[in-house]
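Hi there,

Here is the structure I promised to pass on. Please have a look at it first, and then read my notes below.

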Amino acid sequence: MEHALPNRFAMNIHDFQKMKDEGRKISMITCYDYSSARAVADSNIDCILVGDSLAMTMHGYQSTLSATTAMMALHTAAVAKGAPAKFIIGDLPFLSYRKGLKDAMDAVHELMSAGAHAVKLEGVRGHAEIVRHIVDSGVPVMGHLGLTPQSVHGLGGMKVQARTNAAVKVLTSEARQLEDAGCFAIVLECVPPQGARTVTDLLKIPTIGIGAGTHVSGQVLVYQDMLGFNPGFKPKFLRVYANTFEVIRAALDAYDGDVKSGAFPSESESYSDLQSTEQRVTKRTEHPAQNGRGSGITIASEIYH
Ligand code: KIV
């Protein structure tokens with residue numbers, strides 16, 4: 001199995017802390033596949049979360065409960081190939097860290113072997129010791145509090161959390177436990193800004209918000225949501241930066257129209273026959289200095305062009 005090495009271009013856990021300390025915001029985006037990862041790799045985004053939201057965005061399930069460790073590892077490996085110079089956090093899926101230490105460590109092992117540089121897990125009640133063990137094993141852990149989608153049924157739905165003083169107290173205490181257990185950062189999901197600020201000010205480690213206002217150390221959004229792949233999905237916190245669904249649909253319809261009208265492919269998008277290809281090759285190889293390549297390479301490249 002291949003294990004990702006720290007990359008000199010990627011940020012590392014110390015950079016997360018440094019950015020909070022220096023008041024610089026951290027940008028994180030979810031990503032699940034090789035092609036999208038190449039776009040993220042080419043952007044200024046600081047880090048990638050291979051979130052268990054992939055159960056919904058990539059596999060069409062209703063919730064994140066259907067994500068498995070095998071799924072998470074497969075997508076993590078694809079993202080790691082597309083964005084080898086980004087810091088990648090892999091989500092530990094539903095119940096994978098609630099069945100005892102061995103199962104939790106097996107899941108951590110799979111994600112790290114697939115190319116993650118850190119793992120993320122939800123909540124802390126009942127698994128603070130497991131967080132500590134993962135951290136002590138040399139694997140950075142990101143926490144996740146507030147709306148924790150793996151507990152959707154326990155929470156009675158995808159609801160905003162920490163809306164009362166008492167709930168903010170619980171949130172703060174849980175955030176402290178995660179920090180004490182060694183987490184290097186914590187995602188705060190769907191928490192009103194006052195609660196998120198309380199936690200962020202209290203902790204030394206950074207907080208990454210999604211639906212948690214601006215008083216956090218950074219932000220994360222789901223790739224498909226911020227790129228408008230999901231036109232009907234409009235939670236209050238979401239900003240859509242591109243209407244990708246519409247762009248793709250229009251391109252598909254344009255292609256369909258061109259196929260049906262015969263406008264695609266054109267002559268320039270069609271191969272020439274073998275005879276004229278050979279004539280061109282012979283002409284070029286008669287003047288190797290002009291084409292600058294050996295005849296063997298010329299023939300191979302002509303066949304593909
Ligand atoms: O799985 C996910 O995409 C997440 C983010 C929403 C934080 O956990």
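Predicted model: local features only at pLDDT ≥ 70, side-chain atom pairs only at ≥ 80, totals over all residues.

Residues are numbered from 1 along each chain as its sequence is written, and side-chain values use heavy atoms, with hydrogens and water left out.

The protein has 13 helices and 8 strands (DSSP runs numbered from the N terminus: H or I of at least four residues for helices, E of at least two for strands). Of its 305 residues, 45% are buried (under 20% relative accessible area, 1.4 Å probe, protein chains only).

Now to the pair. The axes (lines fitted to C-alpha atoms over the stretch in contact, with angles from 0 to 180 degrees between N-to-C directions) of α4 (residues 69–82) and α5 (residues 101–114) come within 8 Å and cross at roughly 20°. The two helices are therefore roughly parallel (angles under 35 degrees). On the α4 side, Thr69, Ala70, Met72, Ala73, Thr76, Ala77 and Ala80 make the contact (heavy atoms within 4.5 Å), and α5 brings Ala107, Glu110, Leu111 and Ala114.

Then there is α7 (residues 165–181). Its buried residues include Val168, Leu171, Leu178 and Ala181, and among the elements covering the buried residues of α7 are α6 (128–136) and β5 (141–146). Just after α7, Gly182 takes a positive phi of about 110°.

Best wishes

Key: Parallel < 35°, antiparallel > 145°, perpendicular 65-115°, else oblique. Buried < 20%, exposed > 50% of the residue type's maximum accessible area, 1.4 Å probe, protein only.
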